[in-house]
Amino acid sequence: MKDSKYKYEVIVVLNPKAESKEKEKTIKMVEDKISGLDFEVEKREDMGSKTLNYQIKGQEKGDFRVFYIGGNKPIKSKEFKLFLNRETNIIRYLILKI
């Protein structure tokens, strides 16, 4: 799917206090949801743990993951955002069209 018409960058900030097993499970769930929306993860980056400028959900640090995704139709952002909001290990996210 390299010739994707629609490309997005999804940045997910994970709770740094969650166990690594839980983080990997959350990442897998995000990738499965992306696939369920008929998108493909073209690239995945681990940006590591960073200090946040302000506290989010009582956390001063966050583990950043970036997903570069592509598809042939616009993303159903309402459905995807609802999923991201309900996931307890995700403290913040950002979806950018590139």
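Predicted model: local features only at pLDDT ≥ 70, side-chain atom pairs only at ≥ 80, totals over all residues.
Reader: Let's start with α1; how far apart are its end C-alpha atoms, and what span should its residues give?
Author: Helix α1 runs over residues 20-36, and at 1.5 Å a residue its 17 residues should span 24 Å, which agrees with the 24 Å between its end C-alpha atoms.

Reader: Okay, and which residues of α1 are buried?
Author: The buried ones are Lys 23, Thr 26, Ile 27, Val 30, Glu 31 and Ile 34. They cover an arc of only 135° around the axis, so they sit on the same side of α1.

Reader: What covers them, then?
Author: The cover over the buried residues of α1 includes the strands β1 (6-14), β2 (40-56), β3 (59-71) and β4 (90-97), together with the helix α2 (77-86).

Reader: And which exposed residues are on the face turned away?
Author: That face of α1, turned away from the buried side, carries Lys 21 and Gly 36, which are exposed.

Reader: Switching topic, how many aromatic pairs are there?
Author: The count comes to two aromatic pairs.

Reader: What about Phe 80 and Phe 83, how are they arranged?
Author: Phe 80 and Phe 83 form a stacked pair, 6.5 Å centre to centre with 15° between the planes. Both lie in helix α2, three residues apart, about one turn of the helix, and both Phe 80 and Phe 83 are buried.

Methods:
Residues numbered from 1 in each chain as written. Heavy atoms only, no water. Helix = DSSP H or I, 4+ residues; strand = E, 2+ residues; numbered from the N terminus. Expected span 1.5 Å × (residues − 1). Buried < 20%, exposed > 50% of the residue type's maximum accessible area, 1.4 Å probe, protein only. Arc of directions from axis to C-beta. Contact = heavy atoms within 4.5 Å. Phe/Tyr/Trp six-rings, centres within 6.5 Å; stacked < 30°, edge-to-face > 60°.
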